[in-house]
Amino acid sequence: MSTTEVAVKTEIEAKLIPIYIMGKKYEVPETLTIMKAIEYAGYKYIRGCGCRGGVCGACSTVYRKPGDYKIHVGLACQTVVEPEMYLTQIPFYPAIRSTYDFTRLSGQAEEIFEIYPELFRCVACNACTKVCPMDVQVMDYIAALKQGDIKKAAELSFDCIQCGLCASRCMGELPQYHIAQLARRLNGAHLTPPAEHLKTMVANIEASRFNDGLTKLKAMDTETLKKTYQEREMEPATAGEDWTPKDNQYL
Amino acid sequence: MPYPEELKRLIKVVESTRVERVERKKKNEEVPFMSLEERHDILKYHPDFIEEGRRELKVGPNKGYRIAHEMADILEAKSRVDPAKIDLSKIDYETDVLVIGGGGAGTAAALLAQENGSKVIIATKLRHGDANTMMAEGGIQAATKGHKDSPYFHYLDVMGGGHFKNKPELVETLVTKAPDVIKWLESLGCNFSKFPDGTLKTIHGGGTCRKRMHFAADITGAEMMRTVRDEARNRNKDIAVIEFSPAVELILNEHGHCAGAVLYNLETEEYLVVKAKAVVMATGGCGRLHVQGFMTTNHYGATADGIVLGYRAGVKVCFLHTVQYHPTGIVFPEQAEGILITEKFRGSGANLVNIDGRQFVNEREPRDVEASAIIRECIERNKGIPTPTGKRGIWLDSPMIDMLSGTGTVQREFPGKYILYKRFGIDIAKEPMLIYPTLHYQNGGLEFTSDGATELPGLFLGGEVGGGTHGENRLMGNSLLDIMVYGRIAGKSAADYVRTKAQNGKLSLEHVIKYNQEVDEAGVGNGRIAPMLLPDYTTPEIKAKQLTARYEGTIR
C-alpha cells in the first residue's frame, strides 16, 4: 500500500469527461473529486483548499449541470465530478460578524436579537437551506432563533462548517453561520447543565490530591512501571456510568 | 460510488459472522489484548521499523539521528529566500507575541497570551482554523470522573501507549491540566456530548483503561476549533490574524533570543518582517510529507514547517523517528481515500474483520499495534480485502454498533461519516467500511519543557510541533488535549516572558546564513528548499508542459 494523492497514478485508466472550471473546459478522469480534478487540470491551490476531508469549509463549490436550471452545491474535496458540470469555488464570502463579550452573556434570546438584529430580516425564502453543502436546515434554525429557541438552533446548526454559502444567497443579508456560532456557544455554556463531576475533579487536582500517586509513577523504573501498567484494572467496554474499580487507592 | 458486486459478495461473509461477534461483545468475551511481548513482535510490521525508510541527519543539532527520508529532506535543505536580501530594519508588523499557526494550539496560545496582557498576532498559512484540529473527530481525553478515574490512570495509559519512552514531566502536566481544559472549553460554550443532567459522556479509546474520551458527536475537533476561534475573533482589538502568510524563518536578535519571524504572503509573494518580544510555534504536523508514500488524514498545510524553522535556530528534535499511522483510514471509495475514520467507531464496539469475516485483533489496542496488525493481516497473511483500485483493506464492521446500542446509533453518533458515505451510496449503519492505515500524526517534534519553553529564549511551543509528550506513539484523544494544554501554557509563558524577560535588540538572520553554509558544506542539500509550505499535486504531464513556470520547491 503505497500511494500519494497524485491523481494521475491511480486514475490513468479512468474515462475522461469534460468539466468547465470557471467556464473553461478541461478533460478529467470521471472518478475524481472536484478538488483532485482541478489539480489534475493543472491548478495549484492556495485558497479554496483546507482539510481535504469535508469539515473545514474552505472548498465550497457551486455548479450547474446542462439542461438543469438549479444551482448545485458541494464541497470540492467530497463531490465527484460529473460530465459537463460548470463550476466555480467560492473560497471566501464577506459576511458581517459582530463582536461580543461572551462573559457578559447569559443565554437569553434577547442577547442574540441585540447582537444580530438582522435576524429579523429573514424572509423565509429557504435559499440558505437549499445552498448548504452539509444539508443543514439553515432556515429552520434561523426560524427557531426568531422564536427565541437557542437550544434548537444550536442542535440544528451543529453540522455547520461555516463555509458562508448561506450568507452568499441570503436576500435578507444575514450572516447565518456567525449567528449559529453564537447560538451554539450560548447553548454549550448556559443552556446545558454544567458537569458537576468536572468541577469536583478540577478542585481535587487543585488541592493536590493526586500528587503522591503521580510522583510515585514518575520515579518508577521502567520495569515496575510496565508491570503497573499491565496490571491496571480495565473498565469493561460494556460497563455503565456507575462502574467503579476494585482498587480505589489512586482515585 | 457504492460497493461493487464483488465487494457486496464479500460483505455477506462479514454478515455471516456478525451476530455471533455481537453476542460475544455483549458478554464481554473480547479478543484478548496483546502482552507487551506480543506488541513488541507485531511492531516489526510498522512502517517506523523499515530501516530503508530512514537515514542519518547530516546537519544541525541532531546530526547523526536517523529519521524518515521525507523528514530528513526538509531538514537537509536551504532557506526559501536568501536571508541577505531581507531588510530587517524595515519592520512590517510589531507585536508582543507572535503565534505561528492558526489551529487549536495557536488559537489557545493567543487567547492565553492576550489574557495575560499581550498584544498578539497569529500568522497562519491557510485560513484561521484550517488545521488538523478541525479534522480531529474522536475526542479529547481527561480524567474527569473521580469515582473511577484519576490523572494517575491517565498517566499510566499515556506512558504505555508511548512505549514508556515519554518525558514524564510532560505527561504529568498533560494529565493534571486535562480536566481544567475541559472546564475552560465548557465555559467558552463548547458543546460536548452530555447526559441530560450535565454529566459528560465518555467512552474508551485505544489503550485507555477507563472511559475518559469526551466528545462532541463525531466532530469534536471542529467544535473545539470553531469555539476558540470565535472567542479569538471577539478579542480582535488585541489579537490580529494574518492569513495565507506562513512563517518561513524565525528571526533572532543580538542577544540570541527569538524575536520574530519572516512571513511569506502566499498571494502577493512578498516576504514580511514581524518583530515580536516572544514567539509561540504552533505549526502542527507533517502528514503532507507523505512519509513512505502513505496516504494521509492531514490537512493541506501539514508540512512540518515549525520543525524546520526551530531546527535551523538550534532547537533539537526528539521522537521524530516515529510517525503515527492511524489504523483506520478510508481506502474505498477512492475519492475519500486517506480520510480518517475515528477510533470512536471501535470504541463503540465495531470489530476489525478480515476477508473470512474473522476478527483478528482486539479493536482497542494502541494505534501503532492496531495499524501493525492490519498491515500484517493484509500483507503477510494475505487476508485483506482487494479494492477495485488494486489496494487492500480490512472491514470495520460499523453495523455492529446499531446492534449493540440500538438502531439509529450510527447515524446519531457519527453524523459526519454517515452523510459522507451516504453520498457514495453506502449506508454505514448497514454495510461495513473498508479501511487501511493512513499517515496521521507526528509523534515527535521540537524539544520543549512543561512550561512550553524551548532551549531558545523567547521561543515557546504548543501542540503537534513539540515532541516528548507522547513518546513513540500517541493515544487517541491526547492530541486535542495536547494542543489545548500546551497551547494555553505556551501562550501564558510567552506573555510572562514578554513582561519580565524580553530584551530589545538588533534583529538577525545570521543563524539561517550559517545553516545554509552547513548544508552546503555537508553537501546534502541537493538544491532543496524548506519549509515546504504546501505539497504539490501537479501531474508530471502538466509539469512537462509548464515550460516557463518556475517552482520554488513545491510552490509555483
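Q: How do you know that chain B is in contact with chain A, and how many residues take part?
A: In this predicted model, 86 residues of chain B are in contact with 81 residues of chain A. Residues count as being in contact if their C-beta atoms, placed from the backbone, lie within 7 Å, so the residues of chain B and chain A counted here meet that cut-off.

Q: Which helices of chain B each supply at least two residues of the side that touches chain A?
A: They are α5 (132-135), α6 (151-161), α7 (168-188), α8 (220-234), α14 (415-423) and α17 (540-545) of chain B. Of the side of chain B that touches chain A, α7(B) gives the most, with ten residues.

Q: What makes up the side of chain B that touches chain A, in nonpolar, polar and charged residues?
A: The residues of that side divide into 34 nonpolar, 27 polar and 25 charged.

Q: Where do domain 1 and domain 2 of chain B lie in the numbering?
A: Domain 1 of chain B covers 5-30 + 324-440, and domain 2 of chain B covers 78-136 + 175-189 + 220-321 + 442-508. Their C-alpha centres lie 35 Å apart.

Q: How do you know that domain 1 of chain B touches domain 2 of chain B, and how many residues does each give to the contact?
A: The contact takes 15 residues from domain 1 of chain B and 13 residues from domain 2 of chain B.

Q: What supplies the largest share of the side of domain 1 of chain B that touches domain 2 of chain B?
A: β14(B) does, with four residues. That side divides into five nonpolar, six polar and four charged residues.

Methods:
Residues numbered from 1 in each chain as written. Chains lettered and ligands numbered in written order. Predicted model: local features only at pLDDT ≥ 70, side-chain atom pairs only at ≥ 80, totals over all residues. Contact = placed C-beta atoms within 7 Å. Nonpolar A, V, L, I, M, F, W, Y, C, P; charged D, E, K, R; others polar. Domains from an automatic or database assignment.
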